Amino acid sequence: MSTQIIVGKGSCGIAAGASRIAALLEEGLKGRDCSIKTAGCIGMCYLEPIVDVIENGAKRTYVRVDADAVAEIIKAVSGDENTAEQYEIPKEDDDNLHKQTRIALANCGIINPEDIDEYIARDGYKTITDIIREKSPEEIIGELKTAGLGGRGGAGFPTWFKWRAARDAPVPKDGIKYVICNADEGDPGAFMDRAVLEGDPHALIEGMLLCAYAIGAPQGVVYVRAEYPLAIQRLETAIRQAEERGYLGDHILGTDLSFTLRINAGAGAFVCGEETALIASLEGERGMPRLKPPFPAQKGFWQKPSNINNVETYANVPWIIRNGGAAFSAMGTENSKGTKVFALTGKIKKGGLVEIPMGSTIRDVIYGVGGGIRDDKAFKAVQMGGPSGGCIPADLIDTMIDYRTLAATGAIMGSGGMVVMDETTCMVDMARFFLDFTCKESCGKCIHCRIGTRRMLEILTRITQGEGKDGDIELLHDLALQIKDGSLCGLGQTAPNPVLTTIKYFRNEYEDHIYHKKCTAKQCKPLLRYTINAEKCTGCTLCSRKCPVDAITGTVKNAHVIDPDKCIKCGKCAEVCRFKAVVIE
Amino acid sequence: MSNKCCKNHTDWQMKDAAIDLARLEPVLEQYDGVQGSLITILQKAQELYGYLPVDLLAYIAMRAGVKPAKVLGVATFYTQFRLNPVGKNLIMLCQGTACHVNGSAAIEEAIREELGVEEGAITPDGLFTYNNVACLGCCSLSPVMMIGEDTYGTLTPERAKEIVRRIRADG
């Protein structure tokens, strides 16, 4: 039996060198009974590049594969000798993968995203070939209602409700309604949708097909961000293959269902994640949100009834229809059903994608699957929900992952970004970072959002530069509430959240910056002071030679001194000192 | 896209002589009369010319039969569109949350030091421009940068400099 070799080629795998590894394997195994295939991202980004070898039905996984590892793998495959064991996946990491419950990511990293047959072999398109012949559109919507699937883009709005509204909307004269997929994953720190698009694009197509059937829409569009070239390419391939097999087009598989799907590349605007802004962008306009109602379900793309969900939401639908809504709602909590994918990043040991049932705790994700904090530093906070979310502090680590409990902390579930922070992360600087983002990305329509975020950014910048004043915290709070009230769209209304949650949980850090001119995380440069500990300094002169502004003086074998007036706080001296003599306060 | 009777590309002179309007002709024809295709046309034009000078936007407006202000409005709304030329290699430094937490500021400093130019400017040899961009979606490899279509992850200031030097050596 021939040997199958699978190389994980998501964007992260490729960045880690997977294409070169695949080429080396190809060359080394030329002429042998081997096939080398591509898969998407399995979610263990910290172990990339990852290579699976399947021989005689047994699978071995090799991680962090480099040129040396390839040589060993080739020897092992050839049966010469098996010395590749050292590159095999550690048991703990393998267990981590099996601890998860994968629905949206079920095929990611397993199947070749560019081969429709591999998708079909795993029950792909079964809902289209079999189930929709037996189930009416009403029944499909009913299953979603039973499942309790909430929109995975962030707000968790019931998916069945949106579908029902689009179905109930009167059919326009030309018969056109639209199914739209929001794949404009703009939240910094989130890449779940990219993984699905790159690893399992047919799941998205099947989900959209079911929506088309349920609401009676003959046309669909996927709005993908232009920053995801590989995702666009794989989705294009998938659409073409689905068309060739008759899963897309007129009278799909001889039924009355007709559906065509195309891709629209976004041009980079965070606000286009808001559905009315996304529609404006699809129409070739500036992507600015408008007042609702009318909702897109009544008047959406080109004023036609349209349903908009994000990638992960659609990717859950085929599983729900295959297994029944009850199987989905059996997982999770009272308010939040099913599973959720998180992108675990930041100061974490095992960063990557995690899919777990709702109702797990933040601790389960960070310390269970994520392996804890990098370099075993102290966990400080986790940022959830991107610029619309907030920072959840360490003492709330046992908070349940559920739309309502997370909202009660001031953060939100969001689309699934989880950025972990340790003791070296300054929370005031984090708030400034997010305000800088929302300020740049504000579309400018509402004055409170456009100018209010700028004022907040100015205050935060001032505080991080050591020029904070008494009353700044109150002023930030006041502005935040006004922006919430005075903005039209969800993005404006939630823009102050990162500031509000950091004030709520880390007020002491704000006060340290403002009143004591101190940054405990040692991140805000203007607040730092560099000195040399005379007892530790051996007078090696290295620091004074490396100092770019000649602020360090001293003679050989005598303790050196930093001139605070000249020092630009670049940190070079601390970086090069071998005796840890440079003190940062 | 109605103004077919109007002047065509042969009557227009771009300030940047390198911009050959004839190359845009197939794009304009393909999207002639297609509703809502302005962003796609701008994307294709930028692919062809590397950037979108204001006089090119005016030309596209004329051909598409819309006001130049509208085209400029769309072109300045989205971060993908550039109104100024860039170096041969465009370095995109990710400023997403994960990259920020993992030290993207130090990477920017290193790149600025190595290139000797500020964000958005072209190096004197014409090889590089660097831009800070929103999240590239490779957060698990943070800090990250993209040069052309290639992504480089788990950067350190030294590694970032080395990558730039290697590209420079290859011309």
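**A sheet and its setting**

Mentor: Chain A contains 23 helices and 17 strands. Helices (H or I, at least four residues) and strands (E, at least two) are DSSP runs, numbered from the N terminus. Chain A has a radius of gyration of 27 Å, close to the 25 Å of the globule rule for 585 residues, so chain A is as compact as a globular protein of that length. That radius is taken over C-alpha atoms, and the rule is 2.2 Å times the number of residues to the power 0.38.

This is a predicted model: local features need pLDDT of at least 70, side-chain atom pairs count only at pLDDT 80 or more, and totals for chains, interfaces and linings use all residues. Residues are numbered from 1 along each chain as its sequence is written, while chains are lettered from A and ligands numbered from 1 in the order in which they are written.

Along the principal axes, the C-alpha atoms of chain A fill a box of roughly 90 × 70 × 40 Å. Of its 585 residues, 54% are buried. Buried is 20 or more other C-beta atoms within 10 Å of a residue's own, exposed is 12 or fewer, and partly exposed is in between, with C-beta atoms placed from the backbone. Among contacts in chain A with a separation of 6 or more, 72% join residues 24 or more positions apart. A contact is two C-beta atoms, placed from the backbone, within 7 Å.

The domain assignment divides chain A into domain 1 (3-89), domain 2 (116-329), domain 3 (339-422), domain 4 (427-515) and domain 5 (529-584). Such bounds come from an automatic or database assignment. Domain 3 and domain 5 of chain A have C-alpha centres 39 Å apart.

Now the sheet. Four strands of chain A form an open sheet with parallel pairing, in the order β7-β6-β5-β8. Two strands pair if DSSP finds at least two bridges between them. At the edges are β7 (260-265) and β8 (306-310) of chain A, each pairing on one side only. Neighbouring strands here are turned by 20° on average, direction ignored. Axes are lines fitted to C-alpha atoms, for helices over the stretch in contact, and angles run from 0 to 180 degrees between N-to-C directions.

Take one pair of strands. Strand β5 (residues 178-183) and strand β6 (residues 219-224) of chain A run parallel and share six bridges. Y178(A) has Q219(A) as its bridge partner in β6(A).

Next, the helices. Helix α10 (residues 201-215) of chain A packs on the sheet and touches β5, β6, β7 and β8 of chain A. The direction of α10 makes about 150° with that of β5(A). Helix α12 (residues 275-282) of chain A also lies across β5, β6, β7 and β8 of chain A, at about 100° to β6(A).

Follow the chain on from that helix. The K292(A) to P293(A) peptide bond is cis, with omega near -5°. The bond joining P293(A) and P294(A) is cis too, with omega about 0°. Most peptide bonds are trans.

In all, 41 residues of chain A contact 31 residues of chain B. On the chain A side, the elements giving two or more residues are α1 (11-15), α12, β9 (339-346) and β13 (417-422) of chain A. The largest share, four residues, comes from α1(A).

For contrast, look at the sheet in chain B. Its four strands form an open sheet in the order β2-β1-β3-β4, with mixed pairing. The edge strands are β2 (128-133) and β4 (150-152) of chain B. Neighbouring strands are turned by 25° on average, direction ignored. Strand β3 (residues 145-147) of chain B pairs with β4(B) in the antiparallel sense over three bridges. There, M146(B) has T151(B) as its partner in β4(B). Helix α6 (residues 104-115) of chain B lies across β1 (89-94), β2 and β3 of chain B, at about 155° to β1(B).

Chain B as a whole has seven helices and four strands. Of its 171 residues, 37% count as buried.
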